[in-house]
Amino acid sequence: MDWWVLLAIQIAIIVLAPFLAAILLGLDRIITARMQNRVGPPVLQVLYDFFKLIGKKPMLLNRPQVIFAVLYLMFVAFAFVLFVLGLDLIIIFFAAAAGSVFLAVGAFTVRSPYSHMGANRELLQIAAYEPVFLLALLLIGIQAGSFNVADLYAVGDLMILLPLVFVALIAVLVIKLQKSPYDVATAHQEIVSGPYIEYSGPYLAITKLGHWYEFALMLGVITLFFNSDNIVVSIIVKIALIAVAMLVVQVIDNVTARLTKERMLKFTATFGIIVIAANYAIIVVLQNVGVI
Amino acid sequence: MNAGLLALLLVFLPVLMGLLSLAARKISVQKAVVGIMAITMVLLSLALFWEMYSTGADVLSFDADEILIAGVGIPISLLIAALDFALMAYFIFIGVQYRNTVVIIFGLLQLIPLGILEAMEFGHTVSPSIVIDYLAVIMALVISIVGSIIIVYALKYMDEDQRQARFFAVMTIFLGAMNGAVFSNNLLWLFFFWEVTTLCCFLLIRHERTKEANESALRALIYTLGGGVAFAFAIVLIFTQMETLSLEEVLVSGGIAAWAIAPVALMALAAFTKAAQVPFQSWLLGAMIAPTPVSALLHSSTMVKLGVYLLIRISPAIAWETSLMWLVASVGAISFLGTAILAVMQTNAKRVLAYSTIGNLGLIIMCVGINTSFAISAAIVLLIFHAVSKALLFMTVGVVKHEAQTLDIEEMENLRCKLPFVAGAMLIGIFTIMLPPFGMFAGKWLIVEAASSGFPIVILLLAIGSAVTALYYAKWMGRIMTVGATCDLPAAVKSKLSKIYKITLGALVACAIALSLLIFQVVQYLVNPYILSVFGETPLSDFEAVLPLIVMLVLFGGVVLLTMKFVKIRPDMVSTSYMGGENFEYKLAGAYYDKRVPDAGVTYIFNFVATIVVVAMLMVALLTEVI
């Protein structure tokens with residue numbers, strides 16, 4: 001492939017991915033609605049909301065609030081760019097992690113009780129999912145023998161050897177997507193969308209875009225799990241993996257009620273880490289037996 | 001100038017200037033002396049680096065046998081031995097003075113083996129006695145530059161103090177002793193300087209002479225003297241088994257001598273006490289009672305850094321025994337995670353910083369345990385950057401204490417308006433300690449190395465610990481930013497900042513930013529030569545590996561500046577925060593992470609686990625020899 005074709009594809013992915021992620025979230029809303037015997041909004045409602053927000057008059061409480069919203073967007077977008085360029089997975093993780101911390105700091109900068117409550121909870125969420133996410137990425141890297149995303153796409157057997165890591169990533173996805181039972185930070189019935197509450201208009205749109213990039217990055221990590229020489233098979237299975245992950249997240253969202261923050265910490269700290277450790281142990285055993 | 005002479009100057013100049021300032025009666029003269037010393041130290045350390053760089057050597061060795069005092073040549077070894085005994089005697093005297101048996105016992109436990117050793121080794125010469133390699137240069141730069149900035153800052157901070165002459169004398173001698181320790185190749189010299197830092201630390205913590213200060217000082221003395229005892233026994237073992245007192249020779253011996261592991265484990269133990277690792281952390285927490293410049297000095301460029309310096313220095317010896325590597329890494333990992341969890345529950349800024357220091361040193365020690373060329377590079381990078389950021393943070397906290405009379409993070413709300421310069425410096429301190437490329441740069445290496453070298457438990461503690469660390473720093477950052485749309489404070493609340501504060505904080509901010517932008521050069525010109533001389537390879541030599549991190553830094557700066565410039569606030573754009581339709585006064589929920597889990601309980605658990613690991617380390621050292 002010519003370099004400029006590759007570059008064009010990469011740029012297209014970087015620009016379009018968040019909107020595709022948003023459409024996926026639109027589908028998610030419809031399916032959730034159907035599960036609850038509702039009709040639900042149109043698929044593109046998420047995007048309509050986004051463009052409407054951009055056109056609104058900017059209202060703000062102070063300037064740092066905006067600075068940190070932009071930082072959040074820039075860092076998660078940068079993480080996604082690094083991912084598309086096929087660079088180091090750990091640096092990508094760090095950039096995205098810094099981004100999510102900025103979101104919480106942004107919520108702290110305003111003097112607002114709900115915003116602060118949300119920011120505190122957001123930080124606890126980060127403490128809950130980040131270790132699991134990092135361990136999952138490390139295990140992927142160790143198994144593939146490289147932390148470069150470009151190399152990882154050349155490895156075929158991740159799903160077969162790391163099924164439990166995939167399970168752990170779904171737990172991370174539940175938190176990242178602010179779904180029950182771990183939507184403690186944005187809990188709309190009690191703290192009215194928490195860290196986002198003091199953002200409005202275009203600034204709220206900025207945080208939304210950031211959120212989509214985060215989501216797109218997660219989906220990117222999921223696509224690492226299956227690779228085949230046959231590009232059609234590869235793409236179909238990748239889409240299937242995303243669909244499975246999303247459906248599981250939805251079912252969990254619909255059958256569970258919100259848990260407390262303590263329960264969330266306990267669950268990810270135990271379940272997430274145990275699942276990954278078990279997967280690690282299985283690999284080590286298999287290696288010692290000589291199967292792989 | 002000759003590098004050996006520069007090194008000697010870096011040791012003796014601060015000591016002499018310290019004594020000189022003590023002798024000067026007038027405060028203005030003292031201040032001038034201290035100020036001149038600070039500038040000279042910075043220049044001397046830079047000259048030392050330049051000397052190393054221009055000669056192109058990785059290691060420069062010197063013999064310093066005699067010193068001329070009044071025309072009579074006195075062997076330096078003899079002088080140091082005499083001073084060392086005086087020091088031991090003084091420790092025992094302190095023990096008697098405070099009626100503390102433990103101090104007396106620890107004093108005797110150092111005095112006796114050293115007495116025997118001095119008698120045995122009489123006439124034994126160590127050549128070379130001074131070894132300057134890049135690790136020593138890095139340490140000298142950190143000590144001399146960061147240390148001097150802190151001392152200049154203290155000139156203002158201690159302005160109204162009654163005993164400032166003694167204070168500054170001890171502070172400067174401290175720097176001299178630190179430099180002495182990093183240049184010494186003779187283990188007895190190293191030990192002497194090690195114990196001088198113990199004494200300086202004791203005197204500085206005791207400075208205010210209150211009951212609490214005395215108690216904290218004594219606790220620090222007990223812990224670090226205990227480490228000194230381990231060090232003394234290590235030296236005796238080394239001399240009896242290997243018949244050398246040269247650290248260089250010990251490290252290249254390859255650990256084949258009988259009883260080679262035991263002294264290494266003992267030295268590691270000494271380093272743990274100095275670096276306040278769990279379970280020895282309580283002395284550093286107590287040291288908070290000292291004036292803030294003392295905390296800044298202890299936490300950034302001196303004292304605790306000597307502990308991790310020793311570990312990095314003996315890291316080739318730690319690699320002799322795999323289980324030792326494991327146990328050292330575990331102590332670091334336990335300290336990192338334990339202090340991160342404890343820090344979340346604190347609101348006292350100095351206490352948060354103290355826990356964060358222990359945690360950061362834990363990271364460095366983890367690197368030493370992992371012991372690959374990557375990991376040791378990460379250790380040194382962490383050491384440099386931690387010194388700058390931590391000094392900056394302590395100094396800003398000190399200014400806030402002076403200007404706003406609080407050490408409580410919850411009360412730092414609105415700091416962005418009250419003390420904009422200080423708040424900005426504080427933010428830069430926090431950013432550089434946890435965000436790219438500082439924390440991340442070394443952290444990334446560390447994590448990947450730990451993962452690929454197979455330290456699963458360490459990775460687990462590291463992964464949880466770093467997430468929790470982000471939590472408590474983000475909470476702090478948020479609090480100082482919390483503010484309304486504009487800063488319309490009454491003029492009385494706004495305070496004008498002293499020039500000395502502005503200059504010293506500004507200097508450290510400049511250091512922090514320059515170091516992050518030049519991270520690749522720092523690695524290339526300072527860290528790599530040392531790594532090359534130890535491992536024969538340099539892990540990082542292509543710029544591409546650090547490029548994303550530097551882009552992140554630029555991205556960060558760019559976003560902040562551009563948003564400040566382009567986001568305009570007109571009165572009609574300002575909204576009020578959502579209160580759910582109610583109107584009430586509220587205090588921000590800083591106690592969100594309340595103490596449902598008591599500090600003591602968490603401390604107890606981590607102390608317990610760490611104690612087992614430390615005991616295991618000593619047992620391993622013994623058992624490998626016996627079996």
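How many nonpolar, polar and charged residues are there in the lining of the largest pocket? The lining divides into 30 nonpolar, 9 polar and 3 charged residues. Please keep in mind that this is a predicted model. Below is a friendly tour of that pocket, of a cavity in chain B, and of some helices, strands and loops in chain B.

**The largest pocket**

- About 1,500 Å³ of space lies in this pocket.
- Its lining is made up of 42 residues, and those nearest the centre are A:Ile13, A:Tyr153, A:Thr223, A:Ile235 and A:Lys238.
- Several helices of chain A supply at least two lining residues each: α1 (3-35), α3 (63-84), α6 (149-152), α10 (201-223) and α11 (231-255).
- Of these, α1(A) gives the largest share of the lining, with 14 residues.

**The second largest cavity**

- Rolling a probe the size of a water molecule over the atoms shows where empty space is left.
- Searching the whole structure turns up 5 cavities of 30 Å³ or more.
- The second largest cavity holds about 100 Å³ of space.
- Its lining consists of B:Arg163, B:Arg166, B:Phe167, B:Val170, B:Leu203, B:Leu204, B:Arg206, B:His207 and B:Arg209.
- Two elements of chain B, α6 (164-183) and α7 (187-205), each give two or more residues to that lining.
- The largest share, 3 residues, comes from α6(B).
- By class, the cavity lining has 4 nonpolar, 1 polar and 4 charged residues.

**Two paired strands in chain B**

- Strand β1 (residues 59-62) and strand β4 (residues 130-133) of chain B run antiparallel to each other and pair over 4 bridges.
- Within this pairing, B:Phe62 has B:Ile130 as its bridge partner, while B:Val59 is partnered by B:Asp133.
- In β1(B), B:Leu60 and B:Phe62 form a covered face, whereas B:Val59 and B:Ser61 form an uncovered one.
- In β4(B) both faces are covered, with B:Ile130 and B:Ile132 buried on one side and B:Val131 and B:Asp133 buried on the other.

- B:Ile145 sits in helix α5 (residues 134-157) of chain B.
- Is B:Ile145 buried or exposed? Its relative accessibility is 18%, so B:Ile145 counts as buried, the cut-off being under 20%.
- Leaving aside residues up to four places away in sequence, B:Ile145 touches B:Val42, B:Ser45, B:Leu46 and B:Ala140.
- B:Leu508 is 363 residues from B:Ile145 along the chain, yet their C-alpha atoms are separated by 9.5 Å.
- Helix α15 (residues 322-344) of chain B has 23 residues and, at 1.5 Å a residue, should span 33 Å; its end C-alpha atoms are 34 Å apart, which agrees.
- Because 19 of its 23 residues are buried, α15(B) is largely enclosed by the rest of the structure.

**Backbone features in the loops of chain B**

- Most residues other than glycine have a negative phi, and most peptide bonds are trans.
- B:Ala276, in the loop between α10 and α11 of chain B, has a positive phi of about 55° although it is not a glycine.
- With 0% relative accessibility, B:Ala276 counts as buried.
- B:Met303 lies in the loop between α12 (292-300) and α13 (304-313) of chain B; its phi is positive, near 45°.
- B:Met303 counts as buried too, at 0% relative accessibility.

Definitions and conventions:
Residues numbered from 1 in each chain as written. Chains lettered and ligands numbered in written order. Predicted model: local features only at pLDDT ≥ 70, side-chain atom pairs only at ≥ 80, totals over all residues. Heavy atoms only, no water. 1 Å grid on protein atoms, 1.4 Å probe; cavity = no way out; pocket = protein on both sides within 12 Å on 5 of 7 lines; lining within 4 Å. Points joined across faces, edges and corners; volume = space filled by probe spheres on them. Nonpolar A, V, L, I, M, F, W, Y, C, P; charged D, E, K, R; others polar. Expected span 1.5 Å × (residues − 1). Buried < 20%, exposed > 50% of the residue type's maximum accessible area, 1.4 Å probe, protein only. Pairing = 2+ DSSP bridges. Contact = heavy atoms within 4.5 Å.
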